[in-house]
Amino acid sequence: MIARILDLVLGLLKWPAAMLAVLSLPALVQAFDYFQLNNMKFFAFLGGAFAYLAIKIMAAARSNVSMQILAHEFTHIFFAYLTFHKVVHIHLNPDETGGAMGFKGKGNWLITISPYFFPLFLFFLMLFATFFAAKIPDSLWVNGVFGYFFAYHLESVMVQIHGEQPDFKEVGFPFCWLFLPGANLFACSAVVAFNNGGWLAVQKYMTAVYKLDLYNLAHLVKFFTN
């Protein structure tokens, strides 16, 4: 019952979410000014990202496809559980051509589209860093690990976003092109904010985006009404 209600609510919010993602793009970019990037934490973060790229170049290989597929399907699963759907199976093709997962119920667009913007590994790293903060040394190596998986996430998203993606056909290409740029920018910015100041920095970033959205909307309304 809860899953059906959530599917219905998310169905009603689908296009408003797409419009919000588009309208928030200017605010998401403007909010970069609130980041404190001239510190060692961010430089270590960049170092981790460059380390990932360097390993890729030296190995002359793309990301582990099996790991990408596994992360993709587990992101579907995560959002299925998040919206109270019972997952019944997960399958990875032996030839690394893809995978599939199944759940009970109709489902919703958030389950379908989640792997293309949500950084699952980074999210759990953020939770790990939060709950075990007392046991994790305040080391720049931690920021480097975040940067490494940030680069991995960016590459995974870029590889998976293409015109033949079945998930895009399911939710509709117009919705994907409207929703995904803003959703990806927000998710990546939240990770950068967390790297610099934890959840408090994420909250400040979200507050800045909200205020900038209101500011931009007020000016937009004023422009058209005048």
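1. Of the contacts (heavy atoms within 4.5 Å) in the protein with a separation of 6 or more, 76% are between residues 24 or more positions apart. A word on the basis: this is a predicted model, where local features need pLDDT of at least 70, side-chain atom pairs count only at pLDDT 80 or more, and totals for chains, interfaces and linings use all residues. Numbering runs from 1 along each chain as its sequence is written, and side-chain values use heavy atoms, with hydrogens and water left out.

2. The protein has 9 helices and 2 strands, taken as DSSP runs numbered from the N terminus (helices H or I, at least four residues; strands E, at least two). Along the sequence the pattern reads α-α-α-α-β-β-α-α-α-α-α. The radius of gyration of the protein is 19 Å, close to the 17 Å from the globule rule for 226 residues, so the protein is as compact as a globular protein of that length. Here the radius is taken over C-alpha atoms, and the rule is 2.2 Å times the number of residues to the power 0.38.

3. Buried residues make up 42% of the 226 residues in the protein, where buried means under 20% relative accessible area (1.4 Å probe, protein chains only).

4. Do look at helix 7 (residues 140-160): its 21 residues reach 31 Å from first C-alpha to last, close to the 30 Å expected at 1.5 Å a residue, with the expected span being 1.5 Å times one less than the number of residues. Among the buried residues of helix 7 are Phe146, Phe150, Tyr152, His153 and Glu155.

Note on methods. Buried means under 20% relative accessible area, exposed over 50%, partly exposed in between (1.4 Å probe, protein chains only).
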